[in-house]
Amino acid sequence: MTATLPVPLKFGIHKHQPQMEPMVLDEKRIPPRRQQPSTLPSHHSGYITRQVGGELNLEHCTDLEIKPPGPGEVVVKLLYLGICRTDGCFALGEPDLPQTNLIVGHESLGTIVVSPSDSTLLQTIVATRFLVSTCGTCSYCIRHLPESCVHRTTYPALTGTMQEYITVPYRHLQPLPQDYVTHLRADGGMALYVAAFCSGAAALKSLRTAAPRLGDVVLVSGVLGAIGHLVGMIAKKVYGARVVGVDLGWKWNRLNTVPQMIETTSGDGCVGFDLSQDRFLRQLERACAELRKEDVTFTPAGRADSVIVCASSAAAFQRLEDLVRDGGSIIIVGAPRGPCMVQVPLRSLLDRQLRIQGSLMGTWEESLQVMQWIHDCTITPYVHKVNLADAGRQLSDCVDCKTFGKGIIRIHS
């Protein structure tokens, strides 16, 4: 098999320093509109897993009931839903979730249509994400590990969002900043923000963990996926890093069918993922040396300063130590379902002073920061929208790593 390294795409490196501190955002709610809620339908539609098991078996139901809101609760009419591979894992069975009649989905955007306790909340645009709330006082929260808080609340444990309406406590929703709603981008509107809720927050947290400096080479494995393409964009356009994008070979071959992805996800270099390991490493060495404008024969130049693994293929986790320079960081964001191990020789870990760390979805603060960059046109997530009736197929494709960018379900206009 003959393999050639694609010609590196030409992108300018930003001269400014990376924005490591969160921006101060205006979190005022939309001015309240006191009005009576419209009549809700007697039933609505969504996807339900009657019995979790070894295969996805989502059923599209049109006779789901809308739960009447209790004290402190509101009814939210969902507008957009983000498709996440994690939802596929939930639908296949997780110990903390129901094993029957499960509705998955956790990252969504909607508007409050019923609020018996406080009519000023009507028409407020709100978001849901996997991590809803934490105690803020346990040892995990104090150490900035909110995902491990034993008192955390999450979607879909609270309720799944792959449906038209949800009834939840208002305190478990995140109102969008007013400016984000009143000044929408014409090229995607509010759907772009959904990419920031979990995928964008996970991308930013992984980069904060890696802490690349201006001009560093960051290798993003799984760069054409929901999290990976955002890691590539933020690394390049915010941190001023040089990005080597890595993904499955067939995805690169089909990249011309999604031209928007070429500019937004490809870094300063791109390497196919399906080559034999030795050939892949030789191409990586040339790409890194060219990005650094160093002699290709100088071996240390041929490795990245940090590697961020967003892929869901087991092949992406082999020989990760060969991809980074001495002192480099390996940050793992994605993981295949089922058993998969990362094995690194102890001498390599010790002698080369490598760092390996996992990174999860981050907090609402990371989501807000990514939304700020979307609002300011610093980055533009690649989203592809489908209707709710196609959500089951879209989730199946996501589980099988057959999607590009971020899948968004259009529920209501």
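Modeller: H375 is a place to start: its relative accessible area is 16%, and with the limit for buried set at under 20%, H375 therefore counts as buried. Please keep in mind that this is a predicted model. H375 belongs to helix α10, which covers residues 364–375. Apart from neighbours within four places in sequence, the residues in contact with H375 are D179, Y180, H183, R185 and Y193.

A pair of aromatic rings is described by the distance of the centres and the angle of the planes. For F197 and W364 the ring centres are 6.0 Å apart and the planes stand at 50°, so the pair is tilted. F197 and W364 are both buried. The count of aromatic pairs in the model comes to 2.

Two packed helices are described by the angle between their axes and the distance between the axes. Helix α4 spans residues 191–210 and helix α5 spans residues 228–237; their axes come within 9 Å and cross at roughly 55°. That angle makes α4 oblique to α5. The crossing in which α4 passes α5 is right-handed. On the α4 side, the contact is made by A195, S199, G200, A203, S206 and L207, and on the α5 side by L230, V231, I234 and A235. Sorted by type, the residues of this contact are 7 nonpolar and 3 polar, with no charged ones.

How much of α5 is buried? The number is 9 of its 10 residues, so α5 is largely enclosed by the rest of the structure. The buried residues of α5 are G228, H229, L230, V231, G232, M233, I234, A235 and K236.

Back at α10, the loop between this helix and β17 (383–387) contains C377. Phi of C377 is near 65°, a positive value in a residue other than glycine. R319 also has a positive phi without being glycine, with a value near 55°. R319 sits in the loop between β14 (304–309) and β15 (324–332). Its relative accessibility is 35%, so R319 counts as partly exposed, whereas H375 is buried.

Methods:
Residues are numbered from 1 along each chain as its sequence is written. This is a predicted model: local features need pLDDT of at least 70, side-chain atom pairs count only at pLDDT 80 or more; totals for chains, interfaces and linings use all residues. Side-chain values use heavy atoms; hydrogens and water are left out. Helices (H or I, at least four residues) and strands (E, at least two) are DSSP runs, numbered from the N terminus. Buried means under 20% relative accessible area, exposed over 50%, partly exposed in between (1.4 Å probe, protein chains only). Contact means heavy atoms within 4.5 Å. Axes are lines fitted to C-alpha atoms, for helices over the stretch in contact, and angles run from 0 to 180 degrees between N-to-C directions. Angles under 35 degrees count as roughly parallel, over 145 as roughly antiparallel, 65 to 115 as roughly perpendicular and the rest as oblique. A crossing is left-handed if the near helix is turned anticlockwise from the far one by less than a right angle, and right-handed if clockwise. Ala, Val, Leu, Ile, Met, Phe, Trp, Tyr, Cys and Pro count as nonpolar, Asp, Glu, Lys and Arg as charged, and the others, Gly among them, as polar. Rings of Phe, Tyr and Trp (its six-membered ring) pair if their centres lie within 6.5 Å; planes under 30 degrees apart count as stacked, over 60 as edge-to-face and the rest as tilted.
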